[in-house]
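Trainee: Before I use the labels on this model, I would like to know what each of them rests on.
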Amino acid sequence: MSKRPLSSLNLPPGSFAALTKLGYETVQDVIHLSIEELSKEMDVSLNNAEATLSCIRKQANLFKPGPSMAGSSAQPSLTQPASTLMTGLQTVSTHCIPLDQLLGGGICRGQVLELSGPPGSPKEHMLLNVVVAFVQLGLEVVFLETQNMISPAIIHKALKQSESLPSGYMRLVRFVRLRSLPDFMIFIHGLGSFLEANPSTGLLVVNSISRLFQRDPTVTTFAKNVLLDQVKQIFSKACTQRQLTIVTTSQLATKMLKPDGSPGTFDDGARGVMHPQLG
């Protein structure tokens, strides 16, 4: 179950403040509640409670893995129960014990994992660990680099330091350098066709998705949200239908909250929380 902070979700107006006041902090705290229970606790209508739960569950689904399709030619439904999606999945260690513990043993095949942290945090090191783990399994990896932090030489060095690698392991890694948001969106919209042509692809890495939006000052907030929704839908489809694992990095930003949990500023905020820069 996702321990993603509620502060990182895009919730209906007033919902985040109400949930914070009730003591809820993560997706895991809320997702098991019924509509009736949440309606009573938040003192809102059933429709409002249903909208809040639906919003939380929809966004949390991006962090749940897709079903194993071994031996089946049918395409999986994108609206299966979480209990079905969690059955028969292969877990891959990230080679980081605290992160493996947080993920319940490692990253599951067919899962989206977002690594968020301030500048200087070891996000790229964790990415390389995941790349090594998938190459050790003989799976192909696509590495999208947007900020000149990682090069093919760095990936090669990380792989050389590991053990139990298949022969010709560097052929399993495709390195793509993307310099603009349009280039990224073109790649994403062609992801389905790429996976059909390269069915052995097991991992897609994006380092860093937030940098692409920062580089383009012409993108409005509305346009950013539209593009991010498109990316989420394509990622979700690739995870469930192709069991593709996706790991992306993003920067953290400070979000100020008032004492009642509503959004604040640096002048009237009571506390600050870190959340993914893209929301």
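Mentor: Start with Asn 148, which lies in the loop between β4 (140–145) and α8 (152–160); helices (H or I, at least four residues) and strands (E, at least two) are DSSP runs, numbered from the N terminus. This is a predicted model, in which local features need pLDDT of at least 70 and side-chain atom pairs count only at pLDDT 80 or more, while totals for chains, interfaces and linings use all residues. Residues are numbered from 1 along each chain as its sequence is written, and side-chain values use heavy atoms, with hydrogens and water left out.

Trainee: What makes the phi of Asn 148 worth noting?

Mentor: Its phi is positive, about 60°, although Asn 148 is not a glycine. Most residues other than glycine have a negative phi.

Trainee: Why is His 95 called partly exposed?

Mentor: Its relative accessible area is 43%, and buried means under 20%, exposed over 50%, partly exposed in between (1.4 Å probe, protein chains only). The value of 43% falls in between, so His 95 is partly exposed. His 95 also has a positive phi of about 60°.

Trainee: What makes the bond between Asn 207 and Ser 208 cis?

Mentor: Its omega is about 5°. Ser 208 is in the loop between β6 (201–207) and α11 (209–214).

Trainee: Which residues is Val 131 in contact with, leaving aside neighbours within four places in sequence?

Mentor: Val 141, Phe 143, Ile 155, Leu 203 and Val 205; contact means heavy atoms within 4.5 Å.
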